[in-house]
Amino acid sequence: MDTVGTSNQTQQRSRQNGEETSLWSSGLGMKLEAVTPFLGKYRPFVGRCCQTCTPKSWESLFHRSTMDLGFCDAILVKEENTRFRGWLVRRLCYFLWSMEQHIPPCCDAPQKVMESTRVQKVISGRSPAGAGEGQVSSLVKKEVQRMLGHMQAPPRPFLLRLFSWAVLRFLNCLFLNVQLHQGHLKMVHKAAQAGSPIVLLSTHKSLLDGILLPFVLLSQGLGVLRVAWDPHACSPILRALLRKLGGLFLPLEANLSLDSSEGVLARAVVHAVSAPSGCVWGQVVEQLLASRQPLLIFLEEPPGAQGPRLSALGQTWLGLVMQAVQVGAVPDAMLVPVAITYDLVPDAPCDTYHAVAPLGLWTGTLAVLRSLRGWHGRQVCVRVHLAQPFSLQEYTSNARSCWGSRQTLEQLLQPVVLGHSTVVPDTEKEQEWTPVTGPLLALKEEDQLLVRRLGCHILNASVASSAVMSTAIMSSLLLFKHQKGVFLSQLLREFSWLTEETLLRGFDVGFSGQLRCLVQHTLSLLRAHVAVLHVHRGDLLVVARPGPGLTHLARLSTELLPAFLSEAVGACAVRALLAGKVPPEGPWELQGVELLSQSELYRQVLLLLHLLPQDLLLLQPCQSSYCYCQEVLDRLIQCGLLVAEETPGSRLACDTGRQRLSSKLLWKPSGDFTDSDSDDFEEAGGRYFRLSQQSRCPDFFLFLCRLLSPQLKAFAHAAAFLSRGQLPDTESGYADQVLQFLQATAQEDGFFECADPRLAIRAVWTFRDLGVLQVTSSPAGPMLHLSPTFASWDNQKKLEQFIQQFICG
């Protein structure tokens, strides 16, 4: 009997698979014209620089006419793009276009580096007094020349043109289009014409970014882009090829300690600390900036790397640029936040996050061929975003005034978690996961903090200017709004609704066209993780495939989180505020009865902001926590989730007249405009709100809460794992233990969204900062062990309950 049942299930499953395959091949059973999912003409213009830190750049490098410019496809090359015409030109237009690219001469002068003041001082300092001084000096000079050869080489124009032709053919085979806004490009051209060097700081989504960006900018007339590569990620042969194509590599000795003689010499070659005279131009970074060659720095760690989001190598290069401006080697540098978004990332790692072997020339060629074979027939779109350039000199002069007090996560949250205090300090969280290595070690602590804040600020600008792709919207709908499946007719309405909500929040989308064609295009890209089945009523049922594939959809959905981050934080804060008053499974009408005070909402928002890692939030360093709490509350009111409640005897919320200022503002000097007076009223803390009773609010509230549920559930499971973990252990070893527990839990409850290595390592680092885990030194390296405070089961339970209050089922 069991065999018959099993065979029937097998036949039914194979029949469903056959129906599903026929649906994919027949275009979901609908007759649809092929519409390319490009971005439409009318979209929000994103990418403006920070008006608080760089007000002059915000005004000078922008004009309203740039908003009306359209998009161009960087890989669309036709006969019209060449100087020739004819049938043969149409077949050789890629090659002819590549040969016609203007490559400006690059003035690389290694001899100037040898003649610089600091390098000469280091050479003379390493040459001992006595016999053989000339011989030792020549050996040191050879070592300097070896380091220079390791860092850079003069780009070869013919090799660059040949490589551009190969990349153009490769990108046309791999992608449907590579879109670039002409208004963004015009702002970068305007900044380059001002005379300052251009430094592009980009996100890092794929290993192709380092090839794609130089090709796009060369094709748009910005010259040869010098790319700062990771020397550990490439083999020696590949490094030699990339150097001839404009690549830059820090010497391996530059990451040594300050006391190492090799590290001192390498850092002397890399950057300058001497006075602004003629010999300073001999330094590599300063000479590069002085020659006005654009420089590309990746601020994010490469995909699949185990580590923090902000790259240590990117911070090092950014520190070198900032130091070159500070010492006067160049008057100023224009920083351009850059982001690249893909429908699907070609080389996204699925199951591993450990460091891989360096990429060689042969393995890279095999990876290219594998990409062409695996992505054949997929119409993947790419968007390159160039945000508004801003002055580094202006930022460094204004950013220091925004610094406030800082406290560790242990000081901020541990007393609240254990119930020892109810007061949440309104101070900045000190959370630095990116290690300070290389030449940054020679900087002052204040300058190191300035580099870290600048990196976070630029990464925030890059993410804010990124377009939300259709795969991110589809993944969010299937994971957080329709977990049990949705009919295609309803999915069309939901896709349109979420797209409109994204645009209303000032974020761009990377698609346009007919709605049915967009949904069909997106589902075809996600066919490995989404099932489309026929139902008896003639409609189609779309459901996410259960299993580990949900982790991939959760990673895609994180691209939508920045657009709804404020509302998601506010919704989880409201959920925590109602957790002790109303049962979570109670009806929405019962939850709407409760009054929510503004002060309590602020407290819960602050707690959640301190708990969530900075790598996830990416808040602007110039924005205080109180201002962000006010922004969260305003967003909840604007989207209709919260309604102001007029309590008896209180002033109406809409009454803006006859407001009494607080005493601290009555005595403020008339010329002091450091703080905003609009929020300092005596009755601000006495305002109350209710949850709106509109019909759309319950589903939207759950959707917002679930956007943060993967990270919060990973934290909760990690807290439950404290009593089972094998400690002491290394950070990577304990992260593997937490990941295995997350995967085992996902097999039981089916929630694979949190079974992600990135979430596991974030949980371990957050618990370390919170004081749950402590680090001790040992002969085998730093080891983690459970702190005495959280060794008791009661405190572990308090931690788990503190996290669970923000999670909505």
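**Strands, a helix and a surface patch**

Modeller: Three bridges join strand β1 (residues 71–73) to β2, and the two run antiparallel. Keep in mind that this is a predicted model.

Biologist: Thanks! Which residue in β2 is the bridge partner of Cys72?
Modeller: The partner of Cys72 in β2 is Leu180.

Biologist: And how many bridges join β2 to β8?
Modeller: Four bridges join β2 to strand β8 (residues 381–386), and these two run parallel. Asn177 of that pair stands opposite Cys381 in β8.

Biologist: Is β2 mostly covered or mostly open?
Modeller: Mostly covered: β2 spans residues 177–181, and five of its five residues are buried. Asn177, Gln179 and His181 lie on one side, with Val178 and Leu180 on the other, and both faces are covered.

Biologist: OK, on to β3. How many of its residues are buried?
Modeller: Five of five, for the strand made of residues 198–202. Ile198, Leu200 and Ser202 point one way from β3, while Val199 and Leu201 point the other way, and all are buried.

Biologist: What stands opposite Val199 in β7, and what in β6?
Modeller: In β7 it is Leu335, and in β6 it is Leu295. β3 and strand β7 (residues 334–342) run parallel and are joined by five bridges. Strand β6 (residues 295–298) also runs parallel to β3, with four bridges joining them.

Biologist: Nice. Let me switch to the open sheet of three strands: what is its order?
Modeller: The order is β15-β17-β16, with antiparallel pairing. The edge strands are β15 (596–597) and β16 (642–645), each of which pairs on one side only.

Biologist: How many bridges are there between β15 and β17?
Modeller: Two, in the antiparallel sense, with β17 covering residues 688–691. Leu596 stands opposite Phe689 in β17.

Biologist: Now a helix. What span should α32 have, and how far apart are its end C-alpha atoms?
Modeller: α32 holds 14 residues, 757–770, and at 1.5 Å a residue they should span 20 Å. The end C-alpha atoms are 20 Å apart, so the two values agree.

Biologist: Which residue caps the N-terminal end of α32?
Modeller: Asp756 does: one of its side-chain oxygens lies 3.0 Å from the backbone nitrogen of Arg758.

Biologist: And what follows α32?
Modeller: Gly771 follows α32, and its phi is positive, near 90°.

Biologist: How many residues of α32 are buried?
Modeller: The helix is mostly covered, with 12 of its 14 residues buried. Among the buried ones are Leu759, Ile761, Val764, Trp765, Phe767 and Leu770. The buried set also includes Arg762, Thr766 and Asp769.

Biologist: Last topic, the nonpolar surface patch. Which residues make it?
Modeller: Trp87, Leu88, Leu92, Phe95, Phe158 and Leu162 make the patch, which has an area of about 620 Å². The elements that give two or more residues to the patch are α3 (87–91) and α8 (157–174).

Biologist: Where is Leu88 found, and why is it called partly exposed?
Modeller: Leu88 is in helix α3. Leu88 counts as partly exposed because its relative accessible area is 45%, and that class lies between the buried limit of under 20% and the exposed limit of over 50%.

Biologist: Great, that covers my list. Thanks!

Note on methods. Residues numbered from 1 in each chain as written. Predicted model: local features only at pLDDT ≥ 70, side-chain atom pairs only at ≥ 80, totals over all residues. Heavy atoms only, no water. Expected span 1.5 Å × (residues − 1). Buried < 20%, exposed > 50% of the residue type's maximum accessible area, 1.4 Å probe, protein only. Polar contact = N/O pair within 3.5 Å; in protein donor to acceptor, adjacent residues only side chain to side chain. Pairing = 2+ DSSP bridges. Patch = residues over 30% accessible without salt bridge, like charges linked within 9 Å, V, L, I, M, F, W, Y side chains within 5 Å. Areas by Shrake-Rupley, 256 points an atom, 1.4 Å probe, with all protein chains shown as cover. Salt bridge = Lys/Arg side-chain N within 4 Å of Asp/Glu carboxyl O.
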